[in-house]
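The points go from the chain as a whole to single residues.

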Amino acid sequence: MKIEDHFIRTNKRIEIISNGGNPAPIPEPWRPVLGSCDILVVIPDMHMYIRNSPQDNFRFGTEAMLDFLTHLGTLKQDLAAQDKALRIYQIGDIYEMRFPSLAHPQLNASAAEIRMSHPDYDLIINTMDHLRMHLLYGNHDFELRHFPSFRFGALEGKVYLEHGFAASPWSENPNKPLWEAAMFAFKQIREIESFFLNLAVSVGAIEKDKHYAIGVQHGETERGDYPAENDYSQEQKDYYIGRLKNHSNSADNRICIIGHTHHPYLNINVTTDGDGYIFVDAGAWTEGRSDFVVLTDEEIALCHYRRSS
């Protein structure tokens, strides 16, 4: 299936940002690469937080996400009528659970508190459920690993999916010994920040609908670019491309898709005899970005979903 003809169709809000704006072909010796679906869509980090907090950065991408989910719903129905399947993954950090709860600041925010903080947020999660979206957990919603609907990784045919924190240092990796101590300190900082931000809002010093969080790029300005590939994390490349080369995920694994870094990146390395790999970082749906990956047995592309004008 062709991405432009069968996935984008007439939706002018979808823009391919990788490979010079064109889908990249899947090498013929690898085909088919998908297992039990015809189109695979991968949604990266969202970091949805409590909507009425100035620390929430997802709000700026809310409308785009709702419109995108509508597109996916229509596409899923149309494909089903042709006896074809669309499979959708959200690959972790759907929630920002490293920030404090507003109701109980001594605790981290919960998925339920975040989801119910705004009707649109609840609608997004309900729509994802309706679409039977597959869910992975990340380092910012690591608590969700206890729920059976959230997994660490997944294999779809010759495609391996994971959030992407496994290659990160101790401050970002739940598998490292000092991570819990780091997250305790991180939450204390966010708790202090939250207190002063809410105080500033209450006295009119800052606007309620602005975003403020130390070290987090605000999402008010839309970012639909394909960042410089040379700026992509060398650690991520070395770790995940190494796993592809060593067939650590599975003997037939050719494509690896992760998130975590918020930096969309597509690395295609195919030899003349058809050997090689494709490594993809899906980017983010936060900090002004609204990225996703779409893959068929024939093509792959990193895309941006434009905000409404």
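1. Contacts along the chain. Taking contacts in the protein chain between residues at least 6 apart in sequence, 71% of them join residues at least 24 apart. Contact here means heavy atoms within 4.5 Å.

2. Basis of the note. This is a predicted model, in which local features need pLDDT of at least 70 and side-chain atom pairs count only at pLDDT 80 or more, while totals for chains, interfaces and linings use all residues. Residues are numbered from 1 along each chain as its sequence is written, and side-chain values use heavy atoms, with hydrogens and water left out.

3. Overall build. The protein chain holds six helices and 13 strands; these are DSSP runs numbered from the N terminus, with helices being H or I of at least four residues and strands E of at least two. The C-alpha trace spans about 65 × 45 × 35 Å along its principal axes. For 309 residues a compact globule would have a radius of gyration near 19 Å, and the protein chain agrees because its value is 19 Å. That radius is taken over C-alpha atoms, and the globule rule is 2.2 Å times the number of residues to the power 0.38.

4. Of the 309 residues, 53% are buried, where buried means under 20% relative accessible area, exposed means over 50%, and partly exposed is in between (1.4 Å probe, protein chains only). The chain has 29 positive and 43 negative charges, with mean positions 2 Å apart. Lys and Arg count as positive, Asp and Glu as negative, and His and the chain ends are not counted; each charge is placed at NZ of Lys, CZ of Arg, CG of Asp or CD of Glu.

5. Nonpolar cores. In soluble globular proteins, nonpolar side chains tend to be buried together. A nonpolar core is a set of buried Ala, Val, Leu, Ile, Met, Phe, Trp, Tyr and Cys residues joined through side-chain atoms within 4.5 Å. The largest one has 53 residues, and those with the most contacts inside it are Phe 7, Val 41, Met 46, Met 65, Phe 68, Trp 285 and Phe 292. Helix H2 (residues 62-81) gives this core its largest share, eight residues. Another core lies apart from it and has 25 residues, including Tyr 89, Ile 91, Val 293 and Leu 295.

6. Met 46. Which residues does Met 46 touch, not counting residues up to four places away in sequence? Among them are Phe 58, Met 65, Ile 94, Ile 124, Met 128 and Trp 285, along with Gln 90 and Asp 93.

7. Leu 295 and Asp 38. Leu 295 is found in strand S12 (residues 291-296) and counts as buried because its relative accessible area is 0%. Leaving aside neighbours within four places in sequence, the contacts of Leu 295 include Ile 26, Leu 34, Asp 38, Val 159 and Ile 255. Asp 38 lies in the loop between strand S2 (24-25) and strand S3 (39-43), and counts as partly exposed because its relative accessibility is 22%. Asp 38 and Lys 84 are 46 residues apart along the chain, while their C-alpha atoms are separated by 6.1 Å.

8. Backbone points to check. Most residues other than glycine have a negative phi, and most peptide bonds are trans. The bond from Arg 31 to Pro 32 is cis, with omega near -5 degrees, and Pro 32 is found in the loop between S2 and S3. Arg 9, in the loop between helix H1 (3-8) and strand S1 (14-16), has a positive phi of about 55 degrees. Asn 19, in the loop between S1 and S2, also has a positive phi of about 55 degrees.
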